[in-house]
Amino acid sequence: MTPPRTERVAVIGAGIVGAFIGLNLVKRGVETVVIDAAEMGSGASLHSFAAITALEKEPRDHYLLHCHGIAEWRRWGARFGPEVGLRWGGDIRWTDDPEVADRLRWSVRTAREHGYPVRMMSATELAHRLPAARPGPVLAASYAPEDGHVEPALVSAVCERELENAGARLLRGREAHVHVDDRGAEVVVGDEILRPDSIVLAAGAESAGVAARAGLDIPTIASSALVVYVSAASEVAKGTVQIPSPSGLKTYLRHKSDGTVMLGEESTTGVAADPSRRRSEHILRRATRYFPALGDSHVLGSSVVWRSMPADHLPIVGPLPGVPSLYIAVMHSGVTLAPAIGELAASEIVEGVELPGIAAFRPGRFSERITETMLEIESLFGGTGSA
C-alpha cells in the first residue's frame, strides 16, 4: 500500500542544509515552516569556507553522496550561480611535511580510483597555478580542477527569497523545542505549538542540544575552526588553497567576493578554540610566508565556528528510530551536501520512501553498533568462561 503523502513539515534550522530541505519541500507542494533561533544562515554556514568537493571522502557511499552534491550545485548554479558567488576555481594543496605528503598522495590515489578529477602536480606547475605564491620546499602538491566554492551569505539570501516566494513560513530568531509523546513529536515555538506530519532537525551543531532537551540522543563530537578575515590589496588565488601547516593542523585560504581573504585553521586532533587577536595574527603571518602579497594585510576580525560533526564523521540522515515523524539531517561538509540532501530528504519525507543513496547514513546505525559491541563482549566473556 502506498504510504500517505506528507503535507505539513517543520524544519528546525535555517542554515544551508535546512534551507535546501525547505526549498525542496515547498517545491513538492508541502506546507513548510522553517524555524531558527537566529537569523537565517547566520550560524556555522555563514563562516564556512564553502568548498564544493569530494576529496578525502570515504567510504565510497560517502564519496558518492558528495559527488551527488557537486552535480546538484552545477544544476543549481545554472540558475543562481552569479547570485551566490559560485565559482569553479579548483582546489590546490601542497605540503613540505613528509607525513602529510604521504596522506595527500594516498587521498589523491584513492579519489582517482573512484574516478574523481584530481591529480598530483609538480612544484613547477604549482608555481604556475599560484603565481602570487612562494611555496618554498614542495614534497607533494595536488590539483582538483573541477572543485568550487560559493558565498554562504549570498546562498542564504537567495534561499530566504525563494522560500518566501514559494509560500514557506519563516520563523527567524525563534527558538524551537521538540516534545515527544505517544502521538509522535511536536514543536513548541514561544506560545505556539506545531504538530506537523514530520519534523526535520537540521540545526547543525545545535541539533544535539535540541534533541537532548527532548530526551533524545544524536551522537556528535566537538568540532571547531578558527576563521580569520583579513584585508587584501589583490587576489592571490582563484580557488580554495590549503597551505603547509604544523602537524595536527590544516590551514585554508580563499578570496571572498568582497575582496577580503578568509583564512581558516582547524585541528585534526581536537578543537581550535583560541579566538585571540594574537592567534589570528599568527595565522596571517603563516599565510604571508607563502603569499607575500598579504604582507600589508591586517586582521579585520575572527570567529571560532562550532560545526556539526557526527560521532563517526559521516552524515546522519533519516527518521529517528522510535520517533518516525522526526527526521534527522546532521552532517559535516554541509555546503557540498546541501543540495543533494535537500532533494533526497524531501523525497523520503514527502513520499514515505527509503532511497538507497542515503541508506548508509541512518540514525539507527549507532544503536546497531552499540548492540553489536555488546554482543561481541558477551561472546568474548562467554568463550572465556567455557574454556
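Eight strands build an open sheet of mixed pairing, ordered β5-β6-β4-β14-β15-β16-β13-β17. Strands are DSSP E runs of at least two residues and helices are H or I runs of at least four, numbered from the N terminus. Two strands pair if DSSP finds at least two bridges between them. The model is predicted: local features need pLDDT of at least 70, side-chain atom pairs count only at pLDDT 80 or more, and totals for chains, interfaces and linings use all residues. Residues are numbered from 1 along each chain as its sequence is written, and side-chain values use heavy atoms, with hydrogens and water left out.

- Touching here is contact, meaning heavy atoms within 4.5 Å.
- Axes are lines fitted to C-alpha atoms, for helices over the stretch in contact, and angles run from 0 to 180 degrees between N-to-C directions.
- β4 pairs with β14 (residues 240–243) in the parallel sense, over three bridges.
- Asp91 stands opposite Thr240 in β14.

**Nonpolar core**

- The largest nonpolar core has 59 residues; Val17, Ile21, Leu25, Trp73, Trp76, Val150 and Ile341 touch the most other members. Such a core is a set of buried Ala, Val, Leu, Ile, Met, Phe, Trp, Tyr and Cys residues joined through side-chain atoms within 4.5 Å.
- α8 gives the most to this core, with nine residues.
- Beyond neighbours within four places in sequence, Trp73 contacts Ile16, Phe20, Ile52, Leu86, Trp88, Val150, Val155, Val335, Thr336 and Pro339.

**Gly81**

- Gly81 lies in the loop between α2 and β4 (91–95).
- Gly81 counts as buried because its relative accessibility is 6%. Buried means under 20% relative accessible area, exposed over 50%, and partly exposed in between (1.4 Å probe, protein chains only).
- Beyond neighbours within four places in sequence, Gly81 contacts Trp76 and Leu86.
- The C-alpha atoms of Gly81 and Val150 are separated by 8.4 Å, at 69 residues apart along the chain.

**Helix pair α1 and α5**

- The axes of α1 and α5 come within 10 Å and cross at roughly 25 degrees.
- The contact uses Ile16, Ala19, Phe20, Gly22, Leu23 and Val26 of α1 with Val155, Cys159, Glu162 and Leu163 of α5.
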